[in-house]
2 protein chains.
Amino acid sequence: MTATTVHEPTHREALWELEDAFERGDLITIFGRCTVEYDGRAASSLGLGRRLLLLKPDGTALVHTDEKQKPVNWQPPGSEHHAAVRDGRLRVRSVRTSPDETLDVHFETVEQLSAMAVSGRRDLSVTGSEADLRNALLDRPAVIESGFEPLATERPTDAGPIDLFGRDTDGRPVVVELKRRRVGPSAASQLQRYVAAIEREDGDDAAVRGILVAPSVTDRARRLLAEHGLEFVAVEPPSSTGDAGGSTTLDTELSQTDAVDDSAHDPAGDATGDDDGEPARTLSADEESH
Amino acid sequence: MTATTVHEPTHREALWELEDAFERGDLITIFGRCTVEYDGRAASSLGLGRRLLLLKPDGTALVHTDEKQKPVNWQPPGSEHHAAVRDGRLRVRSVRTSPDETLDVHFETVEQLSAMAVSGRRDLSVTGSEADLRNALLDRPAVIESGFEPLATERPTDAGPIDLFGRDTDGRPVVVELKRRRVGPSAASQLQRYVAAIEREDGDDAAVRGILVAPSVTDRARRLLAEHGLEFVAVEPPSSTGDAGGSTTLDTELSQTDAVDDSAHDPAGDATGDDDGEPARTLSADEESH
DNA sequence: CATTGGATGTCGCGA
DNA sequence: TCGCGACGTCCAATG
């Protein structure tokens, strides 16, 4: 059996088991009545109650209650766990430096302590990231705009790396910022920073265009884009579940460029001033590409 | 005993225990060899390995491996957990809607299953938040600038709520954005948005000043502030550990206003153009206030 | 180390 | 519900 478990151990028994489990590099769960105190970047205190403490061999500590996804208290990987019996309580202390932070869990009673050898996460694969969206757009740049020519990804600028940089049919430089979800004001500002950086660096007389590519945009973000003469293109990320949604599959080379500012570039003159009403184009990475 | 535990149960035994634990509203831990699949906002897949599955009565599901603070896979609160035996494996499925997301954990073998009644987190108290910093500054507004007069907190604008709004000795409106940690470009942009909003709304001829208050600022953020004629004031948040750091305690009413742009307002003419070199002022909320 | 921005961010608050 | 911003965000990539 790979899981060692003790029920209602004395604090001293719990201490022995803990030391052994630390030694083996096991993942440890301790369930019992405890108080929790944290001091570091902030400070917090949690009164007596039943909670679950998770100790990982990489130095992570997590205190979980009956609700929420995030632990009520924690310590990041790289911390050092120590256990001791003090004042008739089992104290588990997790400490790290830079910044100096300490987590103290004092168990009045330990109801269960388990230790088990768990595997890593080397083989986790995730799809649907912004990088995936970018790759899909590189395959079908016309989704952004008919004739759009990608020149670089992660192009470095004074203001940080640009997701996607290219040229339009008029030869004008285009800065593209990609977001996998609906965007708010911060994304508009981010794009604005990149556009300003390119305008400073390239110093070309040709105005630099900025296009925010995302599934949708909030009103405030839309206004911000307009203020800065930036554009928005609605693109649904490749849906993982085989496109159960009602979005349109990309099948034309004409892109729905939605110029939010009248003065902005409007290649087809078909800007509808709408993004949520008109379904965004769906990018299927698995489609016959090239 | 409040913790129910079964070791190496058959899938059917595990299923019974699970149903009972769901019924009781217990927190459940399942340790065993399993695969994990997720599909929703993104999609992911994790091969066979030993992991710990946490199921909370509020609908949270967490899959933890031997490292990192974040679960390798999860489902947020409000999801619905279902268990079944399929193809000789124990399947725990957690589903939610809007957005539609499914987490499937397939156990080849269950090595341990525990269920326990855990407490809530109602009595958690945290200090050191941005709100704490704001309150401290309301007590001692001169830390921001000599003569600064706070007028409102969370003042609503077209661009969102302003942390702290007030007037300087010249009667000029001042937008203050607070950050509890070192700030980067996004904070500068955020302040810029708020200043622009006030300039639009108040329409006063008097230029609106913007001050970013934080422990320190990155180079890029500093440049951004300068570009927009915004200012920076270094203020250390009240340290939780009784101020073990080497920061200066606030004891004068003259604030270190660091005008980053030459054209910016410089009331005392003593801007040093320095923030990290000169230690930031420390705000002690517990000091004799008022 | 510090900087920067993505994330299945999560969470809380307010309209 | 959505929008918005804080968070002890966490985390990886990069200089």
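S98(A) sits in the loop between β7 and β8 of chain A, where strands are DSSP runs of E with at least two residues, numbered from the N terminus. The model is predicted, so local features need pLDDT of at least 70 and side-chain atom pairs count only at pLDDT 80 or more, while totals for chains, interfaces and linings use all residues; side-chain values use heavy atoms, with hydrogens and water left out. Residues are numbered from 1 along each chain as its sequence is written, and chains are lettered from A and ligands numbered from 1 in the order in which they are written.

Background
- Most residues other than glycine have a negative phi, and most peptide bonds are trans.

Cis peptide bonds
- In chain A, the bond from S98(A) to P99(A) is cis, with omega near 0 degrees.
- P99(A) belongs to the loop between β7 (89-96) and β8 (101-116) of chain A.
- In chain B, S98(B) and P99(B) are joined by a cis peptide bond with omega about 0 degrees.
- P99(B) is placed in the loop between β7 (89-96) and β8 (101-116) of chain B.

Positive phi
- S98(A), a residue other than glycine, has a positive phi near 50 degrees.
- S98(A) counts as exposed because its relative accessibility is 65%; exposed means over 50% relative accessible area (1.4 Å probe, protein chains only).
- E154(A), a residue other than glycine, has a positive phi near 55 degrees.
- E154(A) lies in strand β10 (residues 149-155) of chain A.
- E154(A) counts as partly exposed because its relative accessibility is 36%; partly exposed is the range between buried, under 20%, and exposed, over 50%.

Terms used: Helices (H or I, at least four residues) and strands (E, at least two) are DSSP runs, numbered from the N terminus.
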